[in-house]
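Subject: Structure for you to look over

Hello,

Here is the structure you were expecting, with the sequence alongside. My notes on what was found follow below.

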Amino acid sequence: MLKFLASAAAAAALVSAGAAHAQAAKLNDAQIAHIAYTAGNIDIAAGKQALAKSKDKAVREFASEMVRDHTAVNDKALALVKKLHVTPQDNPTSQALSKDAKAKLDSYAKLNGKAFDKAYADNEVAYHKTVNGALETQLIPGAQNAELKSLLETGLKLFKEHQAHAEHLAATLK
Amino acid sequence: MVLLVGAAALAAVSACSPASTQKTYVVTLKDLMFGPTPPETHVGDTIEWVNDDLFLHSATAQDKSFDVELKPGARVAMPLTKAGAFDFFCKYHPGMKGRLVVSP
């Protein structure tokens, strides 16, 4: 009986993984572009909040870099979707990202000084990790258009650089 | 007047002529990477940094011998004035690295 339950649970997990995979595979380029653009915008908003709140030189330099780099990618993404006549399409993944980001911005708004700097840096590490994972396993493999795929690959390189930079920053703030 | 202009042009050419042994090497930055540096350079040569990327970068020597800011689309000429082996990186994206060897 126990064995049966265990195998039933494993099968259920597989089915659910399969369903998740099927859902991931269903993302179209318009949705993928929307998710990537949203992910960039979230980091821009976080960077702007840090520039408004932090007085730490290293934190401010990092935040400026995030705003500058992600604005550059998003400008390129906007130009690309225009060229391809694609309208980025809102979707549950983008909505979940935005909702989570809004909650973080609201909670960090209440922090000041070192507490804010640390929360921002730690979250930048976690956020870049999450987005890197999504780019690698979902968005890049799912993209059909070669130019979109190429821009996402540039985005992944950038996010990895930022993750390393964020880890360095977070370590110095401990 | 035409003659004068001609003379000025000649002067300009002759001023440049000693530079014929001095070379300019282009190093291109793209997709968050430095392109290859020349295997051999000499003092008096020039490195021309070309930023073909979307992002602001820098070419910054570890020992601070040089620190060149490179906006997207920028071409910046950097005369080589000092011999040595210089490890360099982008101060904004420190994963971007390269090495430049300058002989006397």
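**What the model contains**

From the N terminus on, chain B runs α-β-β-β-β-β-β-β-β-β, that is, one helix and nine strands. Please keep in mind that this is a predicted model.

**Chain B**

Four of the strands make an open sheet in the order β2-β1-β4-β7, and the pairing in this sheet is mixed. Its edges are β2 (33-34) and β7 (75-79) of chain B, each of which pairs on one side only. The partner of β7(B) is β4(B): the two run antiparallel and are joined by five bridges. For a place to start on screen, look at Trp49(B), which stands opposite Val76(B) in β7(B).

Chain B has 104 residues, and 23% of them count as buried. Of its contacts with a separation of 6 or more, 45% are between residues 24 or more positions apart.

**Chain A**

In chain A, 30% of the 174 residues count as buried. Taking contacts between residues at least 6 apart in sequence, 78% join residues at least 24 apart.

The average pLDDT of chain A is 87, and 86% of the residues score at least 70. One stretch to treat separately is residues 1-24 of chain A, where pLDDT stays under 50. For that stretch the model has two contacts beyond four places in sequence.

**The core and the contact between chains**

The largest nonpolar core has 50 residues. Ile32(A), Ala36(A), Val59(A), Leu139(A) and Leu152(A) have the most contacts inside this core. Both chains supply it: α2 (29-53), α3 (57-83), α5 (113-142) and α6 (146-172) of chain A each give at least two residues, and so do β4 (46-51), β8 (84-89) and β9 (97-103) of chain B.

The contact between the chains takes twelve residues from chain A and ten residues from chain B. On the side of chain B that touches chain A, seven residues are nonpolar, two are polar and one is charged.

Regards

Definitions and conventions:
Residues numbered from 1 in each chain as written. Chains lettered and ligands numbered in written order. Predicted model: local features only at pLDDT ≥ 70, side-chain atom pairs only at ≥ 80, totals over all residues. Buried ≥ 20, exposed ≤ 12 C-beta atoms within 10 Å, placed from the backbone. Contact = placed C-beta atoms within 7 Å. Core = buried A, V, L, I, M, F, W, Y, C linked by C-beta atoms within 7 Å. Nonpolar A, V, L, I, M, F, W, Y, C, P; charged D, E, K, R; others polar. pLDDT = per-residue confidence, 0-100. Pairing = 2+ DSSP bridges.
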